[in-house]
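Trainee: I would like a close look at one part of this model. Please take me through it step by step.

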Amino acid sequence: MKFILLLSILDAAAAFTSPFRPTTIITTTKHPNDDHRLYSTYDTDYSETTLIDIDEEAPRDIPSMEAWSYEMGAQRTDGFALTTDDGGYNVYAMTNVDLPTGSPILTIPEHMILSSNKAMAELRTSDMSEAEKIVKSVNAESEFRHYYLMLKLLVEYEKGIESPWYQWMNSLPRYYTNAASMTPFCCLCLPSLMRKLTVQERGYLQRLGVSSIKMVPYLNEDTKYDVDLCTWVYQIVYTRSFETADGDLKIVPLADMFNHGAYPEVESSYDEEGNYYAYTTYDVPAGSPLRMSYGDPTNPSFLFARYGFLDESTEATFCKIIPEHINKDMEELGYAHNRMLFYKDGNVSEEVWDILLFQHVSSTKIGDKRALMEAHRSGDYTTKQMLHEKYYENTSAMLLEHLESFLEQLEKLSSKAGERQRDLGDHPRLPLILAHNEFVKQTFLAVRMQNFGY
């Protein structure tokens, strides 16, 4: 099917159009009377620019990136457009025309694509042993693919306008709202799972930052010790690269403008030569965003921690039940963040009830614990249901206690964040943290109402 689909995309080349070549540059200033303003009124001039300005308020030059992508051989369908709702912080892809299911959207040639495999082949030289030793010493060897993509970006950054990717890099965000960008105080305003994910993400940044990059022999001294620059390339790699079936990490310019969607309009594939293709997954009406999936939509906390946005379109979220010890029986019963779910309509997933029952009988009724596991393994729904009914009073009390305690925790955390909102200059991510906490709160309140009537 894949090969047939790719052939159909190639046969549909007539559907592609060349982008116009704007000479203006995007601004990061929101205009209250023009929410869809994309370009400023001054021309791009690279004659005086050698290195990219990575200040958080630096403008994103989208028009030059579009012109560059055309010159590099990218093709896009008629109606494909880049737009913004916030003055340029978030620029995303949309369609201005109706696109039927299976329509080709983008073709990006292999030479435009940045990949960890190519970066490691180019940059993993024999004199990198000291830098790699530091990465290994902090148990970050699993992040070597990201690390070498970061180094590739730093090498290209040093080339300035001589880099083949200069226009693309100059179109990228400088301001981020994910875990790696948060202040220590922001972390204190997050509930337990989100705080854990934030610590993990910030840990990746610390391990792959200046401490290891300073040992890279082919970077100049200013680059090695520039914390803001190393953080910026970290953000690019961790928010814009996606793993392919062969384990490579790839960043696809122009395609990296697809936002996340719980029900994505876009699916991606690669041919044997490494060229990238994007096509629609269903009929997409004109005026719609073109989105791909960044990960499990039932785990908005991860999406927030890694990418810095709150996906309120998701139907469910992890229930936040985090036992001290998770054994194999619990995993067999379905303990996983994408299965232990609270739904926005107030329903609770079967796995949540199974884990609550398992926790109760494990401490009081070993015989019923054995019966539960045997019934689960054999598919004996009747016995499982009987056990659930037998201990419903206990498991429902456990559920209510969890709901109440977590809601109380959320209230305290949001109160702490709210008190510091006047300090947005120091903690600009607080409004998004408050929105995250409110989203979780409303889901928990719906579960309480559905199951306990208040």
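Which residues lie nearest the centre of the largest pocket, and how many residues line the pocket?

Mentor: Keep in mind that this is a predicted model. Asp256, Phe258, Asn259, His260 and Tyr294 lie nearest the centre of the largest pocket. In total, 45 residues line the pocket. The space inside comes to about 1,300 Å³.

Take the lining by class. The largest pocket has 24 nonpolar residues in its lining, with eleven polar and ten charged ones.

Now take the lining by element. Several strands and a helix each supply at least two residues: β4 (91–95), α11 (227–240), β7, β8, β9 (259–260), β10 (266–270) and β12 (291–292). The largest share comes from β10, with four residues.

Two of these contributors, β7 and β8, belong to one sheet. The sheet is open, has three strands and runs in the order β6-β8-β7, with antiparallel pairing. Its edge strands are β6 (114–115) and β7 (242–243), and each of them pairs on one side only. Strand β8 covers residues 249–251, and two bridges join β8 to β7. Look at Phe242 here: its bridge partner in β8 is Lys250.

Both of those residues lead on to aromatic rings. One aromatic cluster is formed by Phe242, Tyr294, Phe302, Tyr307 and Phe309. Tyr294 is also among the residues nearest the centre of the largest pocket.

Next, Lys250. Lys250 lies over the face of Tyr270, at 4.3 Å from the ring centre. Tyr270 is partly exposed, because its relative accessible area is 28%, and the buried class needs under 20%.

The model has 18 aromatic pairs. Tyr270 and Tyr276 make one of these: their ring centres are 5.5 Å apart and their planes stand at 65°, so the pair is edge-to-face. Tyr276 counts as buried, because its relative accessibility is 3%.

For a contrasting geometry, look at Phe406 and Phe444. This aromatic pair is stacked, at 4.8 Å centre to centre and with 25° between the planes. Phe406 lies in helix α17 (residues 392–419) and Phe444 lies in helix α18 (residues 430–452), so the pair ties together parts that are 38 residues apart in sequence. Phe406 is buried, with a relative accessible area of 5%. Phe444 is buried too, at 0%.

There is another charge over a ring to inspect. The charged end of Arg124 sits over the ring of Phe144, 5.0 Å from its centre.

Finally, go back to α11, which supplies at least two residues to the lining of the largest pocket. α11 also gives the most to the lining of the second largest pocket, with five residues. The other element that gives two or more residues there is α8 (192–208). The second largest pocket has a volume of about 340 Å³. Its lining has 18 residues, and Glu56, Arg174, Asp228, Thr231 and Arg429 lie nearest its centre. By class, this lining divides into eight nonpolar, four polar and six charged residues.

Conventions. Residues are numbered from 1 along each chain as its sequence is written. This is a predicted model: local features need pLDDT of at least 70, side-chain atom pairs count only at pLDDT 80 or more; totals for chains, interfaces and linings use all residues. Side-chain values use heavy atoms; hydrogens and water are left out. Two strands pair if DSSP finds at least two bridges between them. Rings of Phe, Tyr and Trp (its six-membered ring) pair if their centres lie within 6.5 Å; planes under 30 degrees apart count as stacked, over 60 as edge-to-face and the rest as tilted. Buried means under 20% relative accessible area, exposed over 50%, partly exposed in between (1.4 Å probe, protein chains only). A charge sits over a ring if NZ of Lys or CZ of Arg is within 6 Å of the ring centre and within 35 degrees of the ring normal. On a 1 Å grid over the protein atoms alone, a cavity is a set of points where a 1.4 Å probe fits but cannot get out, and a pocket is an open set with protein on both sides within 12 Å along at least five of seven lines; lining residues have an atom within 4 Å of a point. Grid points are joined across faces, edges and corners, and a volume is the space filled by probe spheres set on the points. Ala, Val, Leu, Ile, Met, Phe, Trp, Tyr, Cys and Pro count as nonpolar, Asp, Glu, Lys and Arg as charged, and the others, Gly among them, as polar.
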